[in-house]
Amino acid sequence: MIKKEMIQALNNQLNKEFHSAYIYLGMSAYASANGFNGCAKWFNLQYQEEIVHAMKLFRYLEEQNANIKLKDIKALNVKSDSIVEVFKSAYKHEQKMTKALNNLSDLAMKQKDHATYSLLQWYINEQVEEEALFNEIIDKLEMVGNDGYGLYSIDQELGSRVFVDPTTKA
Ligand code: FEO
């Protein structure tokens with residue numbers, strides 16, 4: 001049976017996932033206001049992915065008959081001089097998420113909570129993909145620097161992203 005401490009920790013993670021969604025929505029707004037419409041769409045899809053992450057956790061807590069506690073979500077108003085800095089702060093955020101999920105996984109292991117441990121492995125695998133994705137975009141943006149055509153091309157490329165529900169990925 002799931003322990004109280006674990007329910008609390010998963011409630012915190014639930015808030016972190018919704019916070020991530022909110023962060024990416026803020027980044028989408030920044031990109032849109034600064035002429036990066038492709039990046040705006042990309043961040044909007046990232047926002048949607050985070051909602052899926054949050055809701056997967058929400059459903060798990062429901063299945064465990066847990067008392068779900070929704071918490072306030074802190075807003076993010078992006079102040080940045082460059083789009084690459086925005087992606088860098090997103091990448092840093094994902095690294096923090098990975099750390100939080102690893103800590104949760106340690107706790108599940110310690111408590112011999114196999115069901116929660118198994119759920120968390122899905123999130124940890126997602127993080128590997130997310131960090132790689134952000135890294136790749138940062139590399140590309142750093143390669144082009146301030147070159148207008150380069151930035152335009154990357155923006156176009158990011159704008160072609162389509163939504164894939166992460167829970168349906170193989
Ligand atoms: Fe749900 Fe990007 O961590």
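View 1. Of the 170 residues in the protein chain, 45% are buried, and the model in which they are seen is a predicted one. The accessible surface of the protein chain comes to about 9600 Å², and carbon and sulfur atoms hold 52% of that surface.

**View 2. The helices of the protein chain and its overall dimensions.** The protein chain contains five helices and zero strands, so that reading along the sequence gives the pattern α-α-α-α-α. Taken along the principal axes, the box filled by the C-alpha atoms is roughly 55 × 30 × 25 Å. Because a compact globule of 170 residues would have a radius of gyration near 15 Å, the value of 17 Å for the protein chain agrees with that expectation.

**View 3. Helix 5 (residues 148-159) and its packing partners.** The twelve residues of helix 5 should span 16 Å at 1.5 Å a residue, and the end C-alpha atoms are 16 Å apart, which agrees. Within helix 5, the buried residues are Gly 150, Leu 151, Ile 154, Asp 155, Leu 158 and Gly 159. An α-helix has 3.6 residues a turn, so residues three or four places apart point the same way. The buried residues of helix 5 pack against helix 2 (37-63), helix 3 (83-110) and helix 4 (114-144).

How values were computed
Residues numbered from 1 in each chain as written. Predicted model: local features only at pLDDT ≥ 70, side-chain atom pairs only at ≥ 80, totals over all residues. Heavy atoms only, no water. Helix = DSSP H or I, 4+ residues; strand = E, 2+ residues; numbered from the N terminus. Expected span 1.5 Å × (residues − 1). Buried < 20%, exposed > 50% of the residue type's maximum accessible area, 1.4 Å probe, protein only. Contact = heavy atoms within 4.5 Å. Rg over C-alpha atoms; globule rule 2.2 N^0.38 Å. Areas by Shrake-Rupley, 256 points an atom, 1.4 Å probe, with all protein chains shown as cover.
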